[in-house]
Amino acid sequence: MLVRKVPGFVPASPGGLRLPQKFVFLLFLSGLVTLCFGALFLLPNSSRLKRLFLAPRTQQPGLEAVAQVASHPRARGQESPPNPAPAAPAPGKDDPGSQASSRRRKGWLRRTHPTGPREEATAARGGGATALRPQEGSVPSGFDFKAFRSRLRHPVLGTRTDRSKEPQSLVHTQREKIKEMMQFAWQSYKRYAMGKNELRPLTRDGYEGNMFGGLSGATVIDSLDTLYLMELKEEFQEAKAWVEESFHLNVSGEASLFEVNIRYIGGLLSAFYLTGEEVFRIKAIKLGEKLLPAFDTPTGIPKGVVNFKSGSNRSWGWAMAGSSSILAEFGSLHLEFLHLTQLSGNQVFAEKVRNIRKVLREIDKPFGLYPNFLSPVSGNWMQHHVSVGGLGDSFYEYLIKSWLMSAKTDMEAKDMYYEALEAIETHLVNVSPGGLTYIAEWRGGILDHKMGHLACFSGGMIALGAEDAKEEKRAHYRELAAQITKTCHESYARSDTKLGPEAFWFNSGREAVATQTSESYYILRPEVVESYMYLWRQTHDPLYRGGGWEFLQALEKYCRTEAGFSGIQDVYSKVPNHDNRQQTFFLAETLKYLYLLFSEDDMLSLEDWVFNTEAHPLPVNHSDSSGRGGG
């Protein structure tokens with residue numbers, strides 16, 4: 001027997017061990033069993049073995065997925081999925097470890113708690129982590145792109161049934177010229193400034209600026225839908241490839257909430273709705289999340305500047321000594337944020353802008369007017385300065401477009417728009433001695449008899465909203481729109497270059513002209529041709545295409561350089577002094593509105609699309625299935 005060969009083990013009898021020896025043997029055996037059994041719990045990655053011995057315990061679905069994903073750093077260059085994707089971002093190239101990113105992660109974890117029955121069932125069937133984790137780089141969405149396209153009333157690019165006959169037509173030649181201008185602007189940017197925010201055509205280099213918090217490629221994002229619309233397929237693929245490979249969100253500067261929203265998010269959303277390419281949807285949602293800290297105020301009215309690194313926010317220093325938010329900025333988020341909710345399933349975007357609407361609906365308004373400065377802390381107006389131009393403009397635009405984008409179901413937006421328009425007409429609209437209708441600026445009851453170039457969008461806005469006004473007001477609003485657009489046309493016609501100044505006055509016998517050199521510049525702005533486009537689609541009066549062609553010729557003569565287009569510093573001088581900036585909105589808005597002016601009405605039909613204030617088309621929410629376009 002073996003025990004005989006072991007020293008100290010002497011059998012007491014042929015059949016057994018002595019009592020002390022039995023005790024030692026049992027002690028050894030129990031220790032061995034304890035060691036082996038305990039290893040099942042203490043060794044790493046033993047969760048499968050635990051499930052062999054332990055009954056399932058109730059847990060909050062998704063948290064195990066968070067732990068598992070967080071323990072595996074992402075591949076270099078891969079960005080974390082936006083909310084509400086069930087994965088927690090780990091620090092990496094595109095998500096620097098910062099207070100801002102930490103705050104977003106905590107916010108997502110809070111949203112994992114109220115998981116619904118469907119998610120709980122999925123977690124139970126799949127064992128938790130595997131079932132909840134999305135595919136790498138994807139963002140879960142219930143949005144059905146094919147169904148959306150089937151509900152459109154018209155094909156995106158129009159019916160184009162007479163294209164075979166069109167090459168001989170004047171309008172075809174004009175449209176091809178506009179297309180060549182876009183191609184030239186893009187190729188110049190690509191050659192000298194690709195990836196930078198803007199092209200500087202005189203010095204043939206790029207410009208970054210300080211509005212975008214370190215984000216790059218503003219011209220790329222702003223150009224996507226224009227390139228698609230004009231069927232510049234090679235150029236569109238170049239832009240798309242840059243977004244896929246080089247547009248990173250791991251930035252840490254201070255950004256304008258307004259500018260990032262209308263240019264970047266608006267551009268990405270429209271590119272997705274036009275193409276169905278997931279990269280645009282994913283980037284838009286992730287970038288939208290980076291803007292959410294701007295809303296961390298007592299009233300929910302966002303401040304104008306958000307710090308991408310810290311997640312802090314502040315108001316512009318020039319806005320009432322840093323105490324105010326700007327009406328045109330916080331009032332021009334509604335369209336984009338509703339679409340972010342639709343594409344992400346995350347209600348937080350819609351909740352933020354609906355709260356803004358609630359604050360503005362309930363606040364007292366002097367004479368029914370909306371002043372430009374509002375405290376995000378107290379919710380009170382800070383100064384009674386009212387303008388339909390800069391500081392106020394796109395707030396009014398987004399009211400009527402919210403009504404239209406909702407397929408005419410957002411009654412609150414409709415009511416607010418027509419109430420505001422009535423107050424504007426009562427207190428701000430004037431007619432000059434020379435018969436020009438203009439919208440003045442209001443300062444506590446005192447009028448400045450000037451109109452900014454930015455306010456020239458209002459002719460198109462009023463025309464767009466005329467159809468849904470009270471029946472007795474429709475013809476009046478159409479006429480008002482035409483008269484305001486005529487005035488803006490005059491501001492161009494009365495300059496030596498046939499380009500309009502930044503602001504023009506009506507006093508001292510001078511009408512529709514700038515009165516000082518600081519207001520005499522033109523920076524490739526789109527507002528006048530924007531109104532031409534809307535008035536053309538409503539009336540088909542050749543006056544508007546004529547004005548558009550005159551504008552194009554002036555751009556070619558005074559703004560085109562050897563390496564792109566540039567603004568000029570004085571519209572009253574025939575010897576142009578260029579400002580060395582090819583603005584991103586020149587490609588996003590000015591050239592797009594020109595192209596649409598010379599296209600058929602069903603190209604980006606106004607039945608199917610509204611344009612954000614950067615001219616990025618966003619779809620009307622057709623809830624029925626009676627569309628005829630099919631995309």
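In this predicted model, Glu502 is in contact with Gly452, His453, Glu519, Tyr521 and Arg525, leaving aside its neighbours within four places in sequence. The residue is found in the loop between α20 (471–493) and β15 (503–507). Glu502 counts as buried because its relative accessibility is 13%, under the 20% limit.

Glu502 also belongs to an annotated set. An unreviewed UniProt entry places the feature "active site" at Glu259, Asp393, Glu502 and Glu527. The lining of the largest pocket takes in Glu259, Asp393, Glu502 and Glu527 from this set. Glu527 lies in helix α21 and is buried, with a relative accessible area of 8%. Not counting residues up to four places away in sequence, Glu527 touches His453, Leu454, Cys456 and Phe457.

The largest pocket itself holds about 1,200 Å³ of space. Its lining is made up of 48 residues, of which Glu259, Gly390, Leu454, Glu502 and Arg525 are the closest to its centre. By residue class, the lining divides into 17 nonpolar, 13 polar and 18 charged residues. Several elements each supply at least two residues of this lining: the helices α12 (257–275), α14 (327–330), α17 (393–405), α21 (527–539) and α23 (584–597), together with the strands β12 (441–443) and β14 (450–452). The element that gives the most is α12, with four residues.

A further annotation concerns Thr613, which the unreviewed UniProt entry covers with the feature "binding site". Thr613 lies in the loop between β19 (609–611) and β20 (617–619). With neighbours within four places in sequence left aside, the residues in contact with Thr613 are Phe258, Ile262, Ser394, Glu397, Tyr398 and Glu589. To one of these, Glu397, the side chain of Thr613 is joined by a polar contact of 3.0 Å. Thr613 has 16% relative accessibility and therefore counts as buried.

Two residues in other helices may be described in the same terms. Glu238 lies in helix α11 (residues 233–246), and its contacts beyond four places in sequence are Trp186, Lys190 and Met194. The side chains of Glu238 and Lys190 are joined by a polar contact of 2.7 Å. Arg354 is found in helix α16 (residues 348–362) and touches Leu338 and Gln347, not counting residues up to four places away in sequence. Between Arg354 and Phe337 the separation is 17 residues in sequence and 9.7 Å in space, C-alpha to C-alpha.

The accessibility values for the residues discussed are set out below.

| Residue | Relative accessible area | Class |
|---|---|---|
| Glu527 | 8% | buried |
| Glu502 | 13% | buried |
| Thr613 | 16% | buried |
| Glu238 | 18% | buried |
| Arg354 | 48% | partly exposed |

Arg354 is classed as partly exposed because its value of 48% falls between the 20% and 50% limits.

For the protein as a whole, there are 23 helices and 20 strands. Of its 631 residues, 55% count as buried. Among contacts between residues at least 6 apart in sequence, 68% join residues at least 24 apart.

Technical notes
Residues are numbered from 1 along each chain as its sequence is written. This is a predicted model: local features need pLDDT of at least 70, side-chain atom pairs count only at pLDDT 80 or more; totals for chains, interfaces and linings use all residues. Side-chain values use heavy atoms; hydrogens and water are left out. On a 1 Å grid over the protein atoms alone, a cavity is a set of points where a 1.4 Å probe fits but cannot get out, and a pocket is an open set with protein on both sides within 12 Å along at least five of seven lines; lining residues have an atom within 4 Å of a point. Grid points are joined across faces, edges and corners, and a volume is the space filled by probe spheres set on the points. Ala, Val, Leu, Ile, Met, Phe, Trp, Tyr, Cys and Pro count as nonpolar, Asp, Glu, Lys and Arg as charged, and the others, Gly among them, as polar. UniProt positions are given in the numbering used here, feature names are shortened, and annotations may be inferred rather than shown by experiment. Buried means under 20% relative accessible area, exposed over 50%, partly exposed in between (1.4 Å probe, protein chains only). Contact means heavy atoms within 4.5 Å. A polar contact is a pair of N or O atoms within 3.5 Å; within protein, one must be able to donate a hydrogen and the other to accept it, and residues adjacent in sequence count only if both atoms are side-chain atoms.
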